[in-house]
Amino acid sequence: MPDYQEILYEVEGPILTVTLNRPDKLNAFTFVMMSELIDAFDKADADDGVRVVIVTGAGRGFCAGADLAAGDGTFDYRDSSGAEARLEDARDGGGLVALRIFESKKPVIAAVNGPAVGVGVTMTLPMDIRLASEDARFGFVFARRGLVPEAASSWFLPRVVGIGQAMEWVMTGRVFPAAEALAGGLVRSLHPPDDLLPAARALASEIAEHTSPVSLALSRQMLWRMLGADHPMEAHKVDSRAIWERGRTPDAREGVLSFLEKRPARFPMKVSADMPSFFPWWQERRFS
């Protein structure tokens, strides 16, 4: 297992559980945690044994947002000499994590076990499914701190919950209960605290046991990236290429045979070696 300082990386069967691990600080976000999360998702993508990733928090919090130990200079990103990056080179740490999760080839489930505020909630937005404890609380508190939403949440949040709900939560900056998060579409379901991780693992197991890893990796990127397409024709182009390539593979043959033979599928193809030739299609200069 990787030797991390501020997260735990635990693989059990096909499920990787990444736990934010600063419980005495309600798992407040730091640059160390940022680097370790990015590295964890790199390792997960490279490990064909990992089929699904669950992200949760140690102790009674999920993530209380940025660590404010530096006081009123917490968000003044200058080094000790007072030098700072050029404005056009500035990169938000929470955004680097969110973008890495967005790029994941594995499905990602958030199991929000307690307060998730600031980057603690925005980092969950590029995760595919969010479950929450009944004790969880959420807050897009940026305007109350003289800041603005980060971690690419101005892109993710309206796509997850709709522009009206996103505007209300961002403009009030209030911390709201899990029931409001459920009603607003931020989370999929609420669970008693002791039932949260078992529910997340049950969902992860259902995904891992019944689906092709390559199909999931491709489907995940298709759905996320088509949110920004300006016409369904863009989806049709990608769909057509994917069906053409996947339809000739051992995975597709196994999927049909397992159905006809009424048995569980055993998909042979691996994310590390068998992604379609056109993947990643969004990096092409010209899409024909």
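**A strand and its partners**

Tutor: Of the 288 residues of the chain, 45% are buried, meaning under 20% relative accessible area, with over 50% called exposed and the range between called partly exposed (1.4 Å probe, protein chains only). The model is predicted, so local features need pLDDT of at least 70 and side-chain atom pairs count only at pLDDT 80 or more, while totals for chains, interfaces and linings use all residues. Numbering starts from 1 along each chain as its sequence is written, and side-chain values use heavy atoms, leaving out hydrogens and water.

The chain has 10 helices and 9 strands. These are DSSP runs numbered from the N terminus: helices are H or I with at least four residues, strands are E with at least two. The radius of gyration is 20 Å, close to the 19 Å from the globule rule for 288 residues, so the chain is as compact as a globular protein of that length. That radius is taken over C-alpha atoms, and the rule is 2.2 Å times the number of residues to the power 0.38. Among contacts between residues at least 6 apart in sequence, 72% join residues at least 24 apart; a contact means heavy atoms within 4.5 Å.

V108, A110 and V112 point one way. I109 and A111 point the other way. Both sets are buried.

Next, the partners of β4. Two strands pair if DSSP finds at least two bridges between them. Strands of a sheet pair through backbone hydrogen bonds, either parallel or antiparallel. Strand β3 (residues 52–57) pairs with β4 in the parallel sense, over 3 bridges. Here V53 has V108 of β4 as its bridge partner. Strand β6 (residues 129–133) also runs parallel to β4, joined by 4 bridges. A111 stands opposite L131 in β6.

For comparison, take an open sheet. Its 3 strands come in the order β5-β7-β8, with mixed pairing. β5 (116–117) and β8 (175–177) stand at the edges with a single partner strand each, so one side of each has no neighbour in the sheet. β5 pairs with strand β7 (residues 137–139) in the parallel sense, over 2 bridges. In that pair, A116 stands opposite F138 in β7.
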